[in-house]
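Q: Could you help me read this one? I'd like to go through it piece by piece.
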Amino acid sequence: MHRMTRRQFLRLSGAAAAGLALFGAGCTPAAGEPGRRTPPEPTGGQAYLSVARGGDPAAITEAAIAALGGIERFVKPGDDVIIKPNICVNYRTPEYAATTNPTVVATLFTMCQGTGAGRVRVMDTPFPGITPESAYAESGIEEAVKAVGGVMEVMSPVKFVKTAIPDGRDITEWEVYQDILDANVLINVPIAKHHSLAGLSLGGKNLLGVITDPNKIHQNLGQRVADLVSLVRPTLTVVDAVRVLTTHGPTGGSLNDVQQMDTVIASHDIVAADAYAATLFGRTGSDIAYVRAAADMGLGVLDLDSVTVEEIDVE
Amino acid sequence: MWNEKWSSDQISNVKWCVRRMSWLFFICDLIFAIFLLAGCCPSEPPDPTTPPTAVPVVEPTAEPVASPLADFFPSAGVIPGWTLDGELEAYDSETIFALVNGQADFFFVYGFEQVAVRRYKNAEDVPLDVQIWQVADPEGAYGLYTASRAGDLADVGNEGDTDPGRRLIFWQASYVVELFARKTIPDTDLLGFGEALSAALPAGGESPALVERLPADGLVERSAIFFYDALSIQTEVWLGGENVLGLSRETGGVIARYELDSVIVRLMLVEYPDAGAASAALTALEGGEVSDLAGAGAQDNLLGAVFGQVDEASGRALLEAALE
């Protein structure tokens with residue numbers, strides 16, 4: 001009689017479970033439905049877009065959010081919150097401005113926790129071939145998040161699900177991270193930096209970290225990023241411009257390319273946030289193809305004169 | 001032993017359960033295999049908009065890989081105190097995305113062929129990443145180097161650029177070498193690596209003749225960038241994100257900063273295959289909405305343009321000197 005050892009049993013169980021998991025991942029109907037998450041419009045005296053400047057990244061992050069009406073405008077008790085910074089590589093420390101400022105991310109984490117959110121997670125997918133663990137560590141974000149009691153989550157390959165993009169003009173489906181679509185709140189936290197192909201890497205471009213095959217998005221990048229924005233719809237976009245990579249992006253490599261701007265930009269409107277961030281580089285939102293395309297799809301406001309912009313200097 | 005404490009009936013029951021479960025798992029896997037074979041989850045159809053350079057990502061392997069560039073890397077101990085850390089990584093035009101992702105086009109426009117990466121570490125465990133980039137020809141290497149300059153002049157290879165103790169980049173023949181230390185290391189170590197790499201690489205390579213056409217008066221030292229595509233110069237001049245100048249590998253261009261009356265302006269020269277192409281580019285440039293364009297002209301197959309807040313006479317004089 002064949003006798004199954006415990007190890008064999010576990011191995012067989014694991015294989016079966018993996019098979020079932022793959023089965024499910026491959027055939028589950030599209031889960032992402034545009035409109036499931038709607039960025040909350042400002043009410044009363046809340047700013048449409050806020051810009052805070054000052055030498056303390058935590059203080060300007062808090063000030064920028066406060067001007068929008070506070071984090072409670074975006075995060076409710078019990079919410080499932082995902083904070084999505086840019087952690088693209090594992091070979092640049094924060095001062096090189098290739099990845100989002102750790103203090104900005106940690107401050108947002110603390111603010112979300114303070115609302116009584118059910119769960120707050122921080123995650124990103126680095127460049128293909130780079131392990132998230134190594135990138136999380138080198139970026140300084142893991143350490144900063146842990147210091148305020150949080151944990152980083154590695155995005156599981158089986159959770160990228162082929163999802164319809166009904167409003168897409170170039171791409172109509174893509175594999176998108178399920179949890180990003182399912183979360184009540186998505187806080188998009190790009191770093192503002194030069195990008196040799198896109199011109200600038202800002203909020204829209206940062207969403208390439210929630211999909212598979214980002215290289216394919218790089219064809220017809222402008223429209224494809226805008227199509228992705230139409231699906232993902234971050235609740236809040238917070239652009240880190242504390243340190244800005246002015247050239248040789250998206251990875252840089254010389255501190256001479258980094259400019260200290262001590263600025264944080266925030267809005268529920270990803271297009272407006274990106275349009276304002278572009279001005280830090282002497283550009284406009286319409287200069288950047290994906291920002292222009294997203295505005296053309298009605299996903300946000302490109303004309304900053306038409307919205308309330310509150311600028312705050314934090315001493 | 002646990003089975004010594006159980007009755008034979010209990011053991012029989014457990015074995016029965018295990019047998020049933022193993023059959024269950026076998027059936028599950030069988031279904032899964034049939035499912036895969038039947039193509040229930042077809043792979044994504046080819047994207048007709050994808051150009052030839054766009055290829056699926058190939059995950060880098062931890063296994064040692066062969067690379068024609070491998071012999072150029074210094075062995076452990078060549079620079080005292082430094083040892084090799086990990087295996088050599090090699091990337092070609094199909095796998096480069098795993099190294100630089102969206103930055104790949106920055107290298108493609110200069111005729112990228114392959115890159116190899118090795119990591120070293122010193123006694124303090126500070127990593128030093130060394131990348132050797134091979135492009136199609138020395139002009140491409142020169143261009144890639146000039147588009148990457150950010151620091152001080154370093155006397156390594158044909159020319160080098162450095163943030164002392166942290167970063168060194170130089171070009172030589174058809175190669176561009178970049179060294180990056182995660183923390184500041186002795187500059188003598190960084191330069192030692194550079195010199196060892198330079199000694200191992202093929203010698204030679206001239207900067208493009210077009211660069212010599214830049215007028216010397218007012219030229220900001222080491223500001224010239226040789227380019228084939230607007231993406232290499234987008235932080236110098238913004239051409240609207242469109243290829244208004246008809247740039248390609250068949251054209252060569254150079255842009256440099258000039259200080260005129262305490263104002264920094266940019267002079268751009270582009271060499272076309274023929275005068276007609278240069279004339280067409282001039283028409284497109286003047287008809288476009290390129291900000292900061294102070295003046296432009298064409299002479300034979302050469303297009304010239306000046307960008308910046310410069311008085312008309314100074315701008316024209318610079319342009320004429322370049323197009324002579």
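Q: How do strand 1 and strand 10 of chain A pair, and over how many bridges?
A: In this predicted model, strand 1 (residues 49-53) of chain A pairs with strand 10 of chain A in the antiparallel sense over five bridges, where strands are DSSP runs of E with at least two residues, numbered from the N terminus, and two strands pair if DSSP finds at least two bridges between them. Ser50(A), for instance, stands opposite Ala266(A) in strand 10 of chain A.

Q: What about strand 9 and strand 10 of chain A, how many bridges join them?
A: Strand 9 (residues 236-245) of chain A runs antiparallel to strand 10 of chain A, and eight bridges join them; Val239(A) has Ile265(A) as its bridge partner in strand 10 of chain A.

Q: Why is strand 10 of chain A largely enclosed?
A: Seven of the 10 residues of strand 10 (residues 258-267) of chain A are buried, so the rest of the structure largely encloses this strand, buried meaning under 20% relative accessible area with a 1.4 Å probe, protein chains only.

Q: Switching topic, how many disulfides are there over all chains?
A: The structure holds zero disulfides over all chains, a disulfide being a pair of cysteine sulfur atoms within 2.5 Å.

Q: Is Cys88(A) buried or exposed, then?
A: Cys88(A) is buried, with a relative accessible area of 5%, and Cys112(A) also counts as buried, at 0% relative accessibility.

Q: How should I read the numbering and the cut-offs?
A: Residues are numbered from 1 along each chain as its sequence is written, and chains are lettered from A in the order in which they are written. Local features need pLDDT of at least 70 and side-chain atom pairs count only at pLDDT 80 or more, while totals for chains, interfaces and linings use all residues, and side-chain values use heavy atoms, leaving out hydrogens and water.

How values were computed: Buried < 20%, exposed > 50% of the residue type's maximum accessible area, 1.4 Å probe, protein only. Helix = DSSP H or I, 4+ residues; strand = E, 2+ residues; numbered from the N terminus.
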